[in-house]
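Here are some friendly notes to read alongside the model. Please keep the 3D view open and find each residue as you go.

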Amino acid sequence: MNYKYLALLLISSIFIIAAAAQAYPIQIKSVTIRDYEGNVRTQFRRGEIVLIETELYYLTEYYYYYPGGVNYLEIITLWHDVFMYGLGVTQGTISSGQTKSFGAGIRIRYGDPTGTYRVKIFVWNGWPSIMGSNWKPLAEPYITEITVSP
C-alpha cells in the first residue's frame, strides 16, 4: 500500500472536516447586556437604556482566506415580535487572531410594549444592497432575550 497516498488522503480529510465544522471566519465570542451604570442585566423597565456589548474574534484558521484581514459590518438589533425597536451598526477590519469589541445603547421608550425582546446580532461582509451577489455572513447570527416591564 502506498503510505504517501494514504497520508495525503488523511490530511485532506482533516482539512475538509475542519472547514465544514467552522463555516464562518468570525466568531461572536461574547455578548453582555448591561444597564447604563454597567450592571449586567436582562430585565429592564420602560425608559431605561439597554447596552449591548459584543466581542468578535477572527479565527486564526482563516488567515489564508483573508490574508490582510477581513472587512466586516456588525449590526445589533432589538426586536419585539416583528418590529425592530433599536439598531446599532459598526464597520471595521479585523485581522487573524484579533478580538474587537463594540457596544450599542438602545433606549426602551415609555410607549414601547412590555414583554420579551430579542437581541439579534449579525456580522456581514457589507450591506447586501452594496455587496450584491458577493454579500455573505461572516459569523453565525447570535440571538438572546431581555424582558421589559412597565
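**Notes on salt bridges, core and hairpin**

1. Let us start with a charged pair: Arg41 and Glu48 meet through their side chains in a salt bridge, 2.8 Å from N to O. The term salt bridge is used here for a side-chain nitrogen of Lys or Arg within 4 Å of a carboxyl oxygen of Asp or Glu. Arg41 is partly exposed, with a relative accessible area of 22%. On this scale, buried is under 20% relative accessible area, exposed is over 50%, and partly exposed lies in between (1.4 Å probe, protein chains only).

2. A word on the source: this is a predicted model, where local features need pLDDT of at least 70 and side-chain atom pairs count only at pLDDT 80 or more, while totals for chains, interfaces and linings use all residues. Residues are numbered from 1 along each chain as its sequence is written, and side-chain values use heavy atoms, with hydrogens and water left out.

3. How many salt bridges does the structure hold? There are four. One of them links Glu53 with Arg34, whose closest N and O atoms are 2.9 Å apart. Because Glu53 lies in strand β3 and Arg34 in strand β1, this pair ties together parts that are 19 residues apart in sequence. (Strands are DSSP runs of E, at least two residues, numbered from the N terminus.) Glu53 is partly exposed at 32% relative accessibility, and Arg34 is partly exposed at 23%.

4. Now look at Asp112 and Arg109, another salt bridge, with closest N and O atoms 3.3 Å apart. Is Asp112 buried or exposed? Asp112 is buried, at 5% relative accessible area, whereas Arg109 is partly exposed at 41%. Elsewhere, salt bridges with shared partners join Asp35, Arg41 and Glu48 into one network.

5. Next, the largest nonpolar core, which has 27 residues. Such a core is a set of buried Ala, Val, Leu, Ile, Met, Phe, Trp, Tyr and Cys residues joined through side-chain atoms within 4.5 Å. Ile26, Ile52, Val119, Val123 and Ile146 touch the most other members. Among the elements that give two or more residues to this core are β1 (26-34), β3 (49-58) and β7 (115-124). Leaving aside residues up to four places away in sequence, Ile52 has contacts (heavy atoms within 4.5 Å) that include Val31, Ile76, Phe102 and Val119.

6. Finally, follow β4 into β5: these strands run antiparallel and are joined by eleven bridges. (Two strands pair if DSSP finds at least two bridges between them.) Leu78 has Gly86 in β5 as its bridge partner. Two residues sit between the strands of this hairpin, where Asp81 takes a positive phi near 55°.

Note on methods. Helix = DSSP H or I, 4+ residues; strand = E, 2+ residues; numbered from the N terminus.
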